[in-house]
Amino acid sequence: MLKKISRNNLKSILKKKPNVRFGANADLMVHLNLLLFLHRLAEESRAKAFEDKTATIKPLHVKAVSKNLLKKARG
């Protein structure tokens with residue numbers, strides 16, 4: 001598993017947007033939103049793998065689910 005991004009790194013990435021003002025805890029909200037998206041992606045990929053009668057989640061399962069999930073995440 002990849003190392004978690006630090007709060008300071010996330011704040012510096014958000015500060016690179018010059019015309020956008022962020023609230024005090026915006027970086028935490030971004031991080032939580034990312035975690036929720038990854039959780040949904042894992043659950044949907046697991047369901048797709050189960051439909052294909054495989055025990056492991058393969059990259060093709062993630063690709064099949066990601067397009068639909070990204071549409072839902074955009075709003």
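The questions below take some labels one at a time.

This is a predicted model, in which local features need pLDDT of at least 70 and side-chain atom pairs count only at pLDDT 80 or more, while totals for chains, interfaces and linings use all residues. Residues are numbered from 1 along each chain as its sequence is written, and side-chain values use heavy atoms, with hydrogens and water left out.

Q: Why is α1 called roughly perpendicular to α2?
A: The axes of α1 (residues 7–15) and α2 (residues 26–51) cross at roughly 105 degrees. Angles of 65 to 115 degrees count as roughly perpendicular, under 35 as roughly parallel, over 145 as roughly antiparallel and the rest as oblique. Therefore α1 is roughly perpendicular to α2. Axes are lines fitted to C-alpha atoms, for helices over the stretch in contact, and angles run from 0 to 180 degrees between N-to-C directions.

Q: Which residues make the contact of α1 with α2?
A: Arg7, Leu10, Lys11 and Leu14 come from α1; Ala26, Asp27, Leu28, Val30 and His31 come from α2. Contact means heavy atoms within 4.5 Å. The residues are five nonpolar, one polar and three charged. Here Ala, Val, Leu, Ile, Met, Phe, Trp, Tyr, Cys and Pro count as nonpolar, Asp, Glu, Lys and Arg as charged, and the others, Gly among them, as polar.

Q: What makes α2 a helix with a span close to the expected one?
A: Helices are DSSP runs (H or I, at least four residues), numbered from the N terminus. α2 has 26 residues and reaches 38 Å from its first C-alpha to its last, close to the 38 Å expected. The expected span is 1.5 Å times one less than the number of residues.

Q: Why is Asp27 called buried?
A: Its relative accessible area is 3%. Buried means under 20%, exposed over 50%, and partly exposed in between (1.4 Å probe, protein chains only). So Asp27 is buried. Leaving aside neighbours within four places in sequence, Asp27 is in contact with Arg7, Leu10, Lys11 and Leu14.

Q: Is Glu51 buried or exposed, and how do you know?
A: Glu51 is in helix α2. Its relative accessible area is 56%, so Glu51 is exposed.

Q: Why is His61 called buried?
A: His61 is found in helix α3. Its relative accessible area is 2%, so His61 is buried. Leaving aside neighbours within four places in sequence, its contacts include Ser45 and Ala49. Both Ser45 and Ala49 are among the buried residues of α2.

Terms used. Helices (H or I, at least four residues) and strands (E, at least two) are DSSP runs, numbered from the N terminus.
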